[in-house]
Amino acid sequence: MSAGAPPIPRVELTHAPTPLLKLERLSQELGVELWVKRDDLTGLLESGNKVRKLEFLVGEAFAQSADTLITCGTLQSNCCRTVAAVAARLGLRAIVALKGAPPAEYDGNLLLDRLLGAEVRFCSDAEWDTIDEILEELAVRVRRRGGTPYVIPESGATVAGALGYVACGEELAQQIRHGAPDFDAIVITAFSGGSQAGLLMAKQLYGLRAEVVSVPIAWEAARVRDYVTGVIDQARRRYGLPVEAPREVRLLDGYQGAGRAGVERRELETVVRVARTEGLVLDPVYTAKAFGGLLDRLRREPGALGPRVCFIHTGGVFSIFPFRAALGRVLGGDGLVES
Ligand SMILES: Cc1ncc(COP(=O)(O)O)c(C=O)c1O
């Protein structure tokens with residue numbers, strides 16, 4: 001990754017390369033060649049984009065001799081579940097601080113967190129406002145027990161985490177060299193924007209021609225853009241990567257809907273429609289918002305992103321299940337889809 005520079009610590013975890021599939025019926029409907037890169041199949045419980053980030057985060061943790069991974073997120077956090085899965089796989093401890101009260105029953109990602117042996121610290125809204133302090137308290141507790149903690153911020157949003165998507169971009173560049181379409185645009189879901197930052201670095205390092213476009217699903221556009229450019233600057237300074245923040249960070253804005261962890265009927269309808277037309281299951285919170293935004297954009301202006309577009313499916317399927325009641329209402333029939 002960094003020619004001439006010392007190797008960056010990394011632990012191989014990802015089942016890669018992930019497949020590229022053409023979405024035939026949606027392509028026909030939109031008049032655009034639409035593909036999906038199945039990063040929902042990165043392995044370790046279909047853990048999506050977080051497995052790629054954790055290759056570098058855990059690399060850094062091991063370099064610091066850590067034995068306990070601490071992270072935080074919402075009750076249905078994909079990142080927390082992936083940290084729990086990776087910790088169990090590697091024989092580490094995991095502690096996850098989750099925003100919300102303990103629910104009546106475990107479901108979706110939370111069920112998996114517990115199944116995988118992660119220790120869960122539920123945080124009230126007031127505690128969540130001081131989440132950095134809570135993470136530090138958890139780290140102090142680990143040290144007192146004689147352990148060595150490594151703290152991963154929400155969504156693995158650090159410069160080391162972003163390197164996971166430099167690796168994804170390198171993989172995509174190789175797939176293109178071996179016959180995959182030379183996409184005009186690569187579209188990815190953005191929470192922090194770390195994954196987009198990684199792809200933008202890969203574009204410079206591995207000669208990807210495609211525009212790298214993200215769809216923010218929670219933060220406002222300016223915050224995502226600042227994060228993306230900041231991480232690229234940090235990667236240059238910290239790892240000596242020959243990369244520069246681009247003048248423009250392209251986003252499809254306006255699809256945040258109910259914001260972080262919130263879901264509206266529109267996203268549930270996207271989940272149902274895409275499952276039925278392409279046999280592809282999106283998650284309601286992240287990828288359905290982003291993919292729904294992409295479809296909306298292409299319906300309004302089919303040429304907006306060029307003739308060949310690749311959406312990176314970043315995973316999250318387990319959060320389908322806690323939305324069973326709302327999905328059931330959509331499936332109950334309102335003429336949306338024929339059954
Ligand atoms: C399924 C899914 N897709 C995309 C993202 C966004 O990742 P990033 O924070 O790198 O923008 C997340 C993380 O929160 C996620 O869980």
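Analyst: Helix H2 (residues 49-63) packs against helix H7 (residues 159-177) at an angle of about 125°, and their axes are 7 Å apart. H2 is therefore oblique to H7, since angles under 35 degrees count as roughly parallel, over 145 as roughly antiparallel, 65 to 115 as roughly perpendicular and the rest as oblique. Axes are lines fitted to C-alpha atoms, for helices over the stretch in contact, and angles run from 0 to 180 degrees between N-to-C directions. Helices (H or I, at least four residues) and strands (E, at least two) are DSSP runs, numbered from the N terminus.

The model is predicted: local features need pLDDT of at least 70, side-chain atom pairs count only at pLDDT 80 or more, and totals for chains, interfaces and linings use all residues. Residues are numbered from 1 along each chain as its sequence is written, and side-chain values use heavy atoms, with hydrogens and water left out.

On the H2 side, the contact (heavy atoms within 4.5 Å) is made by Asn 49, Arg 52, Lys 53, Phe 56, Leu 57 and Glu 60; H7 contributes residues including Leu 163, Tyr 165 and Glu 171.

Leu 44, in the loop between strand S2 (33-37) and H2, has a positive phi near 50° and is buried at 17% relative accessible area. Ser 65, in the loop between H2 and strand S3 (68-74), has a positive phi of about 55° and is exposed at 55% relative accessibility. Buried means under 20% relative accessible area, exposed over 50%, partly exposed in between (1.4 Å probe, protein chains only).
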